[in-house]
Amino acid sequence: MSDSAVWVMLLAAFGATFVWRAAGAVLAGRIRVDSALFEWAGCVSYALVAGLMIRAIFFTEGPLGSVPVADRIIAVGVGFAVFLLTRRSVPKSVSVGTALFAALAFWRSGFFG
Amino acid sequence: MTIQADRSGWWQGLTDAVRAPGIALGAALVGYGAQAATNGLDVTAMLAAALLIWALPPMMAFTELYSAGASVSALIISIGLINVRALPMIVATLPLVHGGTGFRLWHLLLAQVSSPTSWAQMELMHGELQQHQRAPYYFGFCAILITFGLVGSLIGFFLVDDVPTALRLAALFLTPFFVLLMMGTAKRRPGQAAGICGAIGVPVCIDLIPDFGMIVGGLLFGTVGYLAGSLIRRFEERNITS
């Protein structure tokens with residue numbers, strides 16, 4: 001992809017995010033944020049982001065794709081178990097899941113002998 | 001005169017952010033920087049994307065869409081849909097900062113630098129600060145978050161090739177896992193259901209419909225999650241009342 005194409009995409013991404021920020025600034029204090037429309041929009045966002053992140057971890061063609069799927073499943077699974085056991089603490093579950101992922105990667109590389 | 005009385009809102013915002021909030025955000029953006037380098041962005045574009053988008057889910061989506069060679073129209077729709085969630089957050093945050101006055105142009109700057117962390121901090125500190133201290137406090141707090149975030153992303157970007165492969169892979173794993181878990185903190189049933197439906201269905205849609213699979217999948221599985229979650233919530237409320 002050319003240099004100018006990156007900046008066109010970047011400006012497009014900026015516009016697509018800023019429009020909601022500007023709308024929020026204009027509407028602040030004037031609209032109800034607990035309406036059905038807002039809840040639906042939030043759901044679309046949750047579905048999109050969750051799907052993209054699952055793709056980035058499990059269906060990527062980048063370097064993460066070279067890690068055995070079993071290792072990724074174990075790290076995500078244990079991290080989620082910690083998430084549920086710690087009343088949905090993101091820092092604790094991210095730390096445990098990522099540390100386990102790193103430990104498995106070191107183990108695969110023969111670091112532990 | 002006490003030290004507390006001498007401290008301006010700006011300075012207090014800076015010092016409050018230097019602790020856990022700034023460090024946590026910086027750590028989260030290490031993975032973004034590593035991902036951006038891996039996906040072929042140069043350092044200027046990576047920093048510009050962080051500053052201009054300034055929300056981790058669309059930033060991660062941007063690097064993924066860029067590496068996938070998505071069209072500009074698909075990018076605008078996808079990023080726009082992902083960042084709809086910024087609107088209610090900003091609607092909730094800004095009155096805590098400017099006190100609910102009418103719209104002014106500088107409120108756009110307040111909106112651009114806002115994040116879930118700064119919203120949570122303003123909820124926490126709103127009662128502790130006098131009105132004239134709130135905007136300086138907010139800008140000071142956000143300035144540190146942005147600084148730590150950019151430093152974290154630079155660390156990820158430049159160290160991704162210089163650290164052992166295992167650590168590089170862990171950095172690439174950290175941020176999508178962090179964002180995924182953030183989706184798991186949804187308080188309402190429809191949001192939880194949509195996250196689960198999207199995690200399963202959206203990757204399949206992307207494979208089936210290369211150009212617009214993400215948008216179709218997001219709309220489809222977000223709506224399915226919304227309807228399923230609403231039904232579950234209604235069922236639970238009926239059980240509680242009966």
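Predicted model: local features only at pLDDT ≥ 70, side-chain atom pairs only at ≥ 80, totals over all residues.
Guide: Residues are numbered from 1 along each chain as its sequence is written, and chains are lettered from A, with ligands numbered from 1, in the order in which they are written.

Visitor: What is the mean pLDDT of chain A?
Guide: The term pLDDT denotes the predictor's confidence in each residue, from 0 to 100. For chain A the mean is 87, and 93% of its residues reach 70 or more.

Visitor: How many residues of chain A are in contact with chain B?
Guide: Two residues are in contact if their C-beta atoms, placed from the backbone, lie within 7 Å. By that criterion, 66 residues of chain A are in contact with 82 residues of chain B. Two or more residues each come from helix H1 (3-27), helix H2 (36-58), helix H3 (69-85) and helix H4 (90-108) of chain A. The most come from H2(A), with 20 residues.

Visitor: How many helices and strands does chain B have?
Guide: Helices (H or I, at least four residues) and strands (E, at least two) are DSSP runs, numbered from the N terminus. Chain B has 13 helices and zero strands.

Visitor: Why is H5(B) called roughly antiparallel to H6(B)?
Guide: Axes are lines fitted to C-alpha atoms, for helices over the stretch in contact, and angles run from 0 to 180 degrees between N-to-C directions. The axes of H5(B) and H6(B) come within 9 Å and cross at roughly 160°. Angles under 35 degrees count as roughly parallel, over 145 as roughly antiparallel, 65 to 115 as roughly perpendicular and the rest as oblique. Therefore H5(B) is roughly antiparallel to H6(B).

Visitor: Which residues meet in the contact of H5(B) with H6(B)?
Guide: Pro57(B), Pro58(B), Ala61(B), Phe62(B) and Leu65(B) of H5(B) meet Leu75(B), Ser78(B), Ile79(B) and Ile82(B) of H6(B). This contact has eight nonpolar, one polar and no charged residues.

Visitor: What makes Trp54(B) buried or exposed?
Guide: A residue is buried if 20 or more other C-beta atoms lie within 10 Å of its own, exposed if 12 or fewer, and partly exposed in between, with C-beta atoms placed from the backbone. Trp54(B) has 23 other C-beta atoms within 10 Å, and is therefore buried. Trp54(B) lies in the loop between helix H4 (43-53) and H5 of chain B, and its phi is near 45°, a positive value in a residue other than glycine. Over chain B, buried residues make up 51% of the 242 residues.

Visitor: Why is Ser71(B) called partly exposed?
Guide: Ser71(B) has 13 other C-beta atoms within 10 Å, so the residue is partly exposed. Ser71(B) belongs to the loop between helix H5 (56-68) and helix H6 (72-82) of chain B.

Visitor: Why does Arg88(A) count as partly exposed?
Guide: Arg88(A) has 15 C-beta neighbours inside 10 Å, and therefore counts as partly exposed. Arg88(A) is placed in the loop between H3 and H4 of chain A.

Methods: Nonpolar A, V, L, I, M, F, W, Y, C, P; charged D, E, K, R; others polar.
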